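I opened my notebook today to look up a few things in one protein model. Come along and check each entry against the structure as we go.

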Amino acid sequence: MTVAATQDLVQERRLVTELPGPRSKALLARRQATVSNGVSAMFPVFIERAGGGVLVDVDGNSLIDLGSGIAVTSVGNAAPRVVQAVQEQVAAFTHTCFMITPYEGYVEVCEELAAVTPGTHAKKSALFNSGSEAVENAVKVARHATGRTAIVVFDHAYHGRTNLTMALTAKNMPYKQGFGPFAAEIYRVPMSYPFRDGHTDGPAAAKRAIDIITTQVGAGNVAAVLIEPVQGEGGFIVPAPGFLPAIASWCAENGALLIADEIQTGFCRTGAWFASEHENLVPDLVTTAKGIAGGLPLAGVTGRAELMDTVHTGGLGGTYGGNPVACAAALGSIKTMREFDLAGAARDIETIMVERLRAIQSRHAAIGDIRGRGAMIAVELVQPGTTEPDAALTGQIAKACHTAGVVVLTAGTYGNVLRFLPPLVIGHALLSEGLDVIEQAFDTLAG
Ligand code: PLZ
């Protein structure tokens, strides 16, 4: 029995109204009256239930989910083991604050993080609520442990929306515009982006970044190099082979820590527990969130025990960090990933998606690049025959998919990347139907 089969929602695309339907429209009007315009709504259908690979809206439409709430519900929405663990925990106790009177779930999550993150060294973790908060704390640990201040980040990076993480994030609109001043001691260097930078040689691309670090920042000042092993919001950019290992070697040789931001890529999403594994990377610190807890807010920083322990007692924490209900959800999610080999499921999704997308690309020159790993696959849209970004077409195709009942997301510094993050438990027939809709959108809209 597959995980999806254990869920009672019919796994089908079913449209009974136009999208958004009348009930969603009424809720949208209420939303507009009372929710800040600063919070966007990419596809304003209001969801009532979800499971496996479908989202069911308040009008009774059943949509194919190729977004997983931005790479969160990897085990499926309301996954049975998550629901059961949460229900048991929420009935037992909801909160004590781990810094006041601890509980086992937090410790168990840290044990799991030590087991599944890359490397066999002794590890320790601290838990938080959001990805941004995990990244902030990884930077705190890195500065404390090294006694240095400079943090190196990359073009196209996304690390969050809090003040420090806005400084770490590359893209101005919509994340940073008007929200400064930003935190100091952040230095940005070129990413390896084979489709755009002409470097298919990873070590050469790394040298370009390292030259800037050594000449403009100074190797001895660098507390950490922070990188997403596959960039998420930046457009699923997979660096050229050898880039990440070369950066890691430089860090090791120069006393700088390597922080892998695996918030989007972690927990089986890319076909391995962590994307770092694809290049045998063993980061000093790893940040996790999103897929870790099947939809409940939880995040972690996991690192070499001696680094995590340099921080004075009381230096890390927060009221809700590692909330017991979120920890229960994480344990249910991790169990599901192991039991159903969801890393393998992600690799199967990659095979299916890439083959179909290549067939679409052979008929539509607007698809300049197909890339990603596992169930984190994207297409970059360009003016045919060039690398000129086509954000307009990207928006039109996303909208056509939405109207037809398939939730797809966009990304990219230039807004021209269509990205797919299906739940890892999605049925192959449903995935294939989602791809039919994507194909139809290209046939209708692309030259
Ligand atoms: N690091 C690599 O992908 C979150 C952001 C959506 P939070 N990405 C989705 C949006 O528009 O806000 C993300 C990420 C990576 C950090 C974060 C931040 O995680 O849980 O959103 O704070």
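**Entry 1: the ligand**

I first noted that this is a predicted model. Then I asked which residues come nearest to the ligand. I found 15 residues around the ligand, and the nearest are Gly-131, Ser-132, Arg-161, Asp-261 and Gln-264.

Next I looked up polar side-chain atoms. For Ser-132, I found one that lies 2.6 Å from an oxygen atom of the ligand. Asp-261 has a polar side-chain atom 2.7 Å from a ligand nitrogen atom. Glu-233 also turned up: an N or O atom in its side chain is 3.4 Å from a nitrogen atom of the ligand. I then checked how much of the ligand is covered: alone, the ligand exposes 510 Å², and the protein buries 83% of that.

I sorted the shell around the ligand by class and got 4 nonpolar, 6 polar and 5 charged residues.

I moved on to the second largest pocket, which has a volume of about 540 Å³. It is lined by 23 residues, and I marked Phe-98, Tyr-106, Ser-125, Ala-126 and Leu-316 as the closest to its centre. Two elements give two or more residues to this lining: α4 (104-116) and β4 (123-128).

Which element gives the largest share of the lining? I found that it is β4, with 6 residues. By class, I wrote down 12 nonpolar, 7 polar and 4 charged residues for this pocket.

The largest cavity has a volume of about 50 Å³. Its lining includes His-156, Tyr-158, Lys-171 and Gly-412. I was pleased to meet Glu-233 again, as this residue lines the largest cavity too. The lining divides into 3 nonpolar, 5 polar and 2 charged residues.

The second largest cavity holds about 30 Å³ of space. Among the residues that line it I noted Pro-229, Val-238, Leu-244, His-278 and Arg-373. Here I sorted the lining into 5 nonpolar, 1 polar and 2 charged residues.

**Entry 2: a sheet**

I traced an open sheet of 4 strands and wrote its order as β1-β2-β3-β13, with mixed pairing. Which strands are at the edges? They are β1 (47-51) and β13 (406-407), each of which pairs on one side only.

I followed β1 to its partner β2 (residues 54-57): the two run antiparallel and are joined by 4 bridges. In this pair, I saw Ile-47 opposite Asp-57 of β2.

Then I went looking for exceptions.

The peptide bond from Leu-19 to Pro-20 is cis, with omega near -10°. I placed Pro-20 in the segment before α1 (22-34). I found another cis bond from Gly-180 to Pro-181, with omega near 5°. Pro-181 sits in the loop between α6 (163-168) and β6 (186-189).

Finally, I came back to His-156 from the lining of the largest cavity. His-156 is not a glycine, yet I noted a positive phi of about 70°. I found His-156 in the loop between β5 (150-154) and α6.

Technical notes: Residues are numbered from 1 along each chain as its sequence is written. This is a predicted model: local features need pLDDT of at least 70, side-chain atom pairs count only at pLDDT 80 or more; totals for chains, interfaces and linings use all residues. Side-chain values use heavy atoms; hydrogens and water are left out. On a 1 Å grid over the protein atoms alone, a cavity is a set of points where a 1.4 Å probe fits but cannot get out, and a pocket is an open set with protein on both sides within 12 Å along at least five of seven lines; lining residues have an atom within 4 Å of a point. Grid points are joined across faces, edges and corners, and a volume is the space filled by probe spheres set on the points. Ala, Val, Leu, Ile, Met, Phe, Trp, Tyr, Cys and Pro count as nonpolar, Asp, Glu, Lys and Arg as charged, and the others, Gly among them, as polar. A residue is near a molecule or strand if one of its heavy atoms lies within 4 Å of it. A polar contact is a pair of N or O atoms within 3.5 Å; within protein, one must be able to donate a hydrogen and the other to accept it, and residues adjacent in sequence count only if both atoms are side-chain atoms. Accessible areas come from the Shrake-Rupley method with a 1.4 Å probe; for residues, only the protein chains shown count as cover. Two strands pair if DSSP finds at least two bridges between them.
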